[in-house]
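Please look at the sequence and the structure before reading on.

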Amino acid sequence: MEKFNFYTGEENSKVLCRSIGLTYNHSTMDMSVANSSQRQRMIILTGVKKFPIESENWCGCGKTQINEVTDQYVDLTWRGRNYKAFLRDSLQTGTVYLDNPYLSREEVSMVYEYSEVDALKGAVGLFNDTRIEHKESPSTIGSNYDADARHYVLTLLKYAIDNGYKMLYPSYALLSACRNWSSLTITDMPTFVRLMQQGIKEGCFVGDNTTGFDNLAEILTFNKLEDLFENVPGLKKVVEQAAERGVEMASWILEGVFEYHEMTACENPDKKESVLMIHTYIEGEQRREDYHIYVEEQIKPNTTLDLGYGVTAHIGEVGKDWLNLTWDEEERLEHNFYCYETEPKVIEGNTQAYLEIKFDKRNLWKEFKILMNHIDFNLVSSNPDNKYCIEGEKRCALELIELLIERGDTHLEELKGIMLENEDWTIFGLDGEYEYWLK
């Protein structure tokens with residue numbers, strides 16, 4: 001995982017502020033089924049001039065009203081009760097039971113922590129922790145826990161920006177527009193553009209402190225410079241003008257000194273491409289099936305696809321996010337065209353064929369794992385119909401892993417070898433010897 005740095009141009013920079021952390025706890029009981037949820041939010045109190053202020057109503061817990069802030073405590077009201085949260089202390093409210101005729105029980109509570117934090121140190125520390133979490137457990141991305149951690153980081157970064165550290169705008173824009181902080185690839189370009197334009201307007205690249213360009217350069221390891229110049233109006237001109245006035249980092253950016261490293265499908269779960277999946281079903285005296293996967297470079301105009309058992313389809317025109325496919329009748333497929341089933345077609349005598357077609361943007365490593373799990377399900381299933389397409393699915397799995405290896409995921413060579421050496425692939429399933437490969 002490539003290192004990512006935040007630059008301020010100063011040693012031991014500090015941006016101290018007072019904040020209150022709010023933990024919302026919500027629990028329900030419906031007969032014997034219990035559910036609970038928890039959210040965490042931060043409100044920075046330093047600089048607030050007008051009280052009272054209200055929090056959001058997360059998880060149905062109710063709003064908190066902050067009435068007064070002193071050096072020693074925060075005076076607040078929650079659900080009609082008054083509390084004092086003291087500095088560097090944790091305050092837990094009592095449990096409030098809500099009147100809900102549709103549930104056996106519903107209860108809420110709150111925890112408050114009034115503290116003094118260094119916005120810069122806190123943001124960087126929690127960012128690094130979250131980034132490791134995204135790399136080691138990508139399934140947590142998008143969870144409530146993950147959203148709460150992002151909120152803390154972005155709230156602290158924005159406070160530092162608003163208090164003199166405008167040069168952090170490129171980093172703030174990147175983290176706001178990036179789903180996976182392990183890959184740091186921009187996935188929400190409109191948000192990145194909006195925040196970068198705001199940063200340019202507020203002067204993140206002007207003045208004697210030129211570290212805004214240092215932070216911009218950090219982005220270029222994970223994102224293409226030409227994409228940034230193409231999407232952010234005025235950014236290229238700002239960098240060119242800085243290079244003309246002698247800002248060395250701006251010159252290096254224009255010269256392409258910072259090499260973009262395109263992450264593989266295994267490294268970056270947000271790396272997606274067009275994938276066309278076609279499942280062939282043959283119904284007659286003997287049931288037969290076949291399975292085929294075509295990736296972006298195979299989805300070409302005027303290509304005939306051999307779908308097994310003498311069944312073919314033809315790809316006509318291909319656009320950025322669509323294609324025309326002809327089998328019985330021409331169909332225009334667009335991304336998110338998920339699980340389309342054609343009408344049956346007589347191919348010989350009493351034998352009929354039909355296709356199940358999926359066309360979408362997908363991550364190939366994730367698709368490989370889904371396919372391997374499906375193969376395992378078919379192998380252990382007692383339903384004989386589930387076993388018809390195993391060989392086709394195995395072929396596709398091997399094609400996908402070979403493609404992943406060719407594109408740089410060379411550590412998968414060992415997995416490919418195990419697949420070739422073993423006919424029974426339940427070894428990759430639940431409690432199998434090689435289950436860890438698909439985690």
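Asn363 lies in the loop between strand E18 (351-362) and helix H9 (364-380); helices (H or I, at least four residues) and strands (E, at least two) are DSSP runs, numbered from the N terminus. The model is predicted, with local features needing pLDDT of at least 70 and side-chain atom pairs counting only at pLDDT 80 or more, while totals for chains, interfaces and linings use all residues. Residues are numbered from 1 along each chain as its sequence is written, and side-chain values use heavy atoms, leaving out hydrogens and water.

Asn363 counts as buried because its relative accessibility is 5% (buried means under 20% relative accessible area, with a 1.4 Å probe and protein chains only). Its side chain reaches the backbone oxygen of Lys271 at 3.0 Å. Beyond four places in sequence, the contacts of Asn363 (heavy atoms within 4.5 Å) include Ala265 and Asn268.

Strands pair if DSSP finds at least two bridges between them. An open antiparallel sheet of 4 strands has the order E12-E13-E14-E15. Its edge strands, each pairing on one side only, are listed here with their residues.

| Edge strand | Residues |
|---|---|
| E12 | 303-306 |
| E15 | 330-334 |

Strand E14 (residues 322-326) is joined to E15 by 5 bridges, and Thr326 has Glu330 in E15 as its bridge partner.

The axes of helix H1 (residues 119-136) and helix H2 (residues 144-162) come within 9 Å and cross at roughly 150°; axes are lines fitted to C-alpha atoms, for helices over the stretch in contact, and angles run from 0 to 180 degrees between N-to-C directions. H1 and H2 are therefore roughly antiparallel (angles over 145 degrees).

Methods. Buried means under 20% relative accessible area, exposed over 50%, partly exposed in between (1.4 Å probe, protein chains only). A polar contact is a pair of N or O atoms within 3.5 Å; within protein, one must be able to donate a hydrogen and the other to accept it, and residues adjacent in sequence count only if both atoms are side-chain atoms. Angles under 35 degrees count as roughly parallel, over 145 as roughly antiparallel, 65 to 115 as roughly perpendicular and the rest as oblique.
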